[in-house]
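Trainee: Could we go through some side-chain contacts together?
Mentor: Gladly, let me bring up the model.

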Amino acid sequence: MRIIAGKHRGLTLASVGKGDAGAHLRPTTDRVRESLFNLLLNGGYGDPVTGARVLDLFAGTGALGLEALSRGAAHVTFVDDGTKARNLIRENIDKCRAQEATTFIRRDATRLGEVQGPPYELIFLDPPYGKGLGGKALSAALNGGWIAGDALIVWEENTAQDAPEGFDLLDQRKYGDTWINILRHTPQ
């Protein structure tokens, strides 16, 4: 696993090997991450990464957020409640020397509470597959004020997802057993 592009291009990140089923760690492959960022940057969304405040829910290794940081995001907040994930994220933040531009919150992503600070413009949502946690986390983030108006949400799952109320589905792509669902927050 490595950073695909930007200032940390080619940097090898700490790996969990094929994943850690017990900790529900299933890292997004380099190929899917590259396709996802190509879609974000060339899919008609402008440049949702440069200068963005990024929220990485169910962050796992932190690869999605660190890829965004490498490509010019202003700040990334990682949320994960796993001990193994915490250690991997901290190691990867150190490898990127990104302590000043990152925050780690050890918390259940489905129970975020109120945001402390401004909301986020780009949200990565990569829950354990098939457990129904993505919708719960998205609802918690919305109710807690974590999601900025007009924010983009990148929801990775093993099935196509419908847009919950308050969101528009912009695109869906399948890469192997992974579905990338792009949503936009549409405040009422």
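Trainee: Does R111 count as buried or exposed, and at what relative accessibility?
Mentor: Happy to start there, with a word on the basis: this is a predicted model, where local features need pLDDT of at least 70, side-chain atom pairs count only at pLDDT 80 or more, and totals for chains, interfaces and linings use all residues. Residues are numbered from 1 along each chain as its sequence is written, and side-chain values use heavy atoms, with hydrogens and water left out. Buried means under 20% relative accessible area, exposed over 50%, and partly exposed in between (1.4 Å probe, protein chains only). R111 therefore counts as exposed, at a relative accessibility of 64%.

Trainee: Which residue does R111 meet in a salt bridge?
Mentor: A salt bridge needs a side-chain nitrogen of Lys or Arg within 4 Å of a carboxyl oxygen of Asp or Glu. Here the N to O distance is 3.4 Å, and the partner of R111 is D108.

Trainee: Which strands are linked by the salt bridge of R184 and D150?
Mentor: Those two side chains meet at 3.5 Å, N to O. R184 is buried at 19% relative accessible area, while D150 is partly exposed at 48%. Helices (H or I, at least four residues) and strands (E, at least two) are DSSP runs, numbered from the N terminus. The pair joins parts of the chain 34 residues apart, R184 lying in strand β7 (residues 178-185) and D150 in strand β5.

Trainee: How are the rings of F37 and F124 arranged: stacked, edge-to-face or tilted?
Mentor: Rings of Phe, Tyr and Trp (its six-membered ring) pair if their centres lie within 6.5 Å; planes under 30 degrees apart count as stacked, over 60 as edge-to-face and the rest as tilted. The count by this rule is two aromatic pairs. For F37 and F124, the centres are 5.8 Å apart and the planes make 50 degrees, so the pair is tilted.

Trainee: How many residues apart in sequence are the parts that Y120 and W146 tie together?
Mentor: These rings are stacked, at 6.0 Å centre to centre and 15 degrees between the planes. Y120 lies in strand β4 and W146 in the loop between α4 (133-143) and β5 (147-157), so the parts tied together are separated in sequence by 26 residues.

Trainee: Which residue lies over the face of Y120?
Mentor: A charge sits over a ring if NZ of Lys or CZ of Arg is within 6 Å of the ring centre and within 35 degrees of the ring normal. At 4.3 Å from the ring centre of Y120, the residue is R53.
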